[in-house]
Amino acid sequence: ISGNFNTGVDTVVYVSQINGFSNHDPVSLTNQASTLRFFKPFYGLIGSWVTLFTHNPYISILIINILFFIGLTFVSYLFFRRMSFDSVYSMVGSIWIATAYPMLKYGLALGTDISGWFFVTTVIVLGLYAFQKESLRYIFALSLVGFLGSLTKETGVLGLVFVGVYVLMQIGNWSYAKVGKWLAVLCVPFFGLQGLFLYMLHTVGAPNFLEWFKFNKVAYAEDYYK
């Protein structure tokens, strides 16, 4: 079914999720692992749209990851530019990242890792723009991007952690009112959307992240402790 694609333990999960969305019944999935990842619906929803043209969920995941691959290469260039490297060094750096072994083997595998890398880097770049331009609009925008990242991969929110820690490090340089204002603009959109999303999951009877976490604690962590 999957041909020569680089598949991993999660591939079948997201293929099942895509099939669920394609059949307009994403919640009632027979695969428990797929159901427990319903709090990350991005690949299932977008993949179901792409599958209308590819007719193959495996190819759909690969196409999504290729788009994230291109996007990550571009935002990596912007990251280096924000770090004051000139255009030549920034281009070399972004090409270096794009052609790295982990990127080509795991980023383009039929998983979701590359989406997390993309959203982390994008949020950090927006954060650097925000700090350099003293703009809360960028902070608001990156909060929304971080929420979208949380719908793809857990690591997609780590860019928000970077921005939040940076703001907290300004205590002593900024007034408490300014620190509080920046943290509010960073946190309120993200947590507001998360709250709404979790409520929607609850109303349709779908599990959330905590249920997935508890499942993994029993299925994996407790055995590893032995």
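Are Tyr 14 and Tyr 43 buried or exposed? Select the two residues in this predicted model, and you will find that both Tyr 14 and Tyr 43 are buried.

Keep these two rings on screen, since a pair of aromatic rings is described by the distance of the centres and the angle of the planes. A search of the whole structure finds 17 aromatic pairs, and one of them joins Tyr 14 to Tyr 43 in a tilted arrangement, with 5.9 Å from centre to centre and 55° between the planes. This pair links distant parts of the chain, because Tyr 14 belongs to helix α1 (residues 11-22) while Tyr 43, 29 residues apart from it, belongs to helix α3 (residues 42-54).

Trp 174 counts as buried at 15% relative accessibility, and Trp 182 counts as buried at 3%. For another charge over a ring, go to Arg 82, whose charged end sits 4.2 Å from the centre of the Tyr 129 ring.

Finish at Ser 94, which lies in helix α5 (residues 87-98) and is buried, with a relative accessible area of 4%. A polar atom of the Ser 94 side chain lies 2.8 Å from the backbone oxygen of Met 91. Beyond its neighbours within four places in sequence, Ser 94 is in contact with Thr 73, Ser 76, Tyr 77 and Phe 80.

Terms used: Residues are numbered from 1 along each chain as its sequence is written. This is a predicted model: local features need pLDDT of at least 70, side-chain atom pairs count only at pLDDT 80 or more; totals for chains, interfaces and linings use all residues. Side-chain values use heavy atoms; hydrogens and water are left out. Helices (H or I, at least four residues) and strands (E, at least two) are DSSP runs, numbered from the N terminus. Buried means under 20% relative accessible area, exposed over 50%, partly exposed in between (1.4 Å probe, protein chains only). Contact means heavy atoms within 4.5 Å. A polar contact is a pair of N or O atoms within 3.5 Å; within protein, one must be able to donate a hydrogen and the other to accept it, and residues adjacent in sequence count only if both atoms are side-chain atoms. Rings of Phe, Tyr and Trp (its six-membered ring) pair if their centres lie within 6.5 Å; planes under 30 degrees apart count as stacked, over 60 as edge-to-face and the rest as tilted. A charge sits over a ring if NZ of Lys or CZ of Arg is within 6 Å of the ring centre and within 35 degrees of the ring normal.
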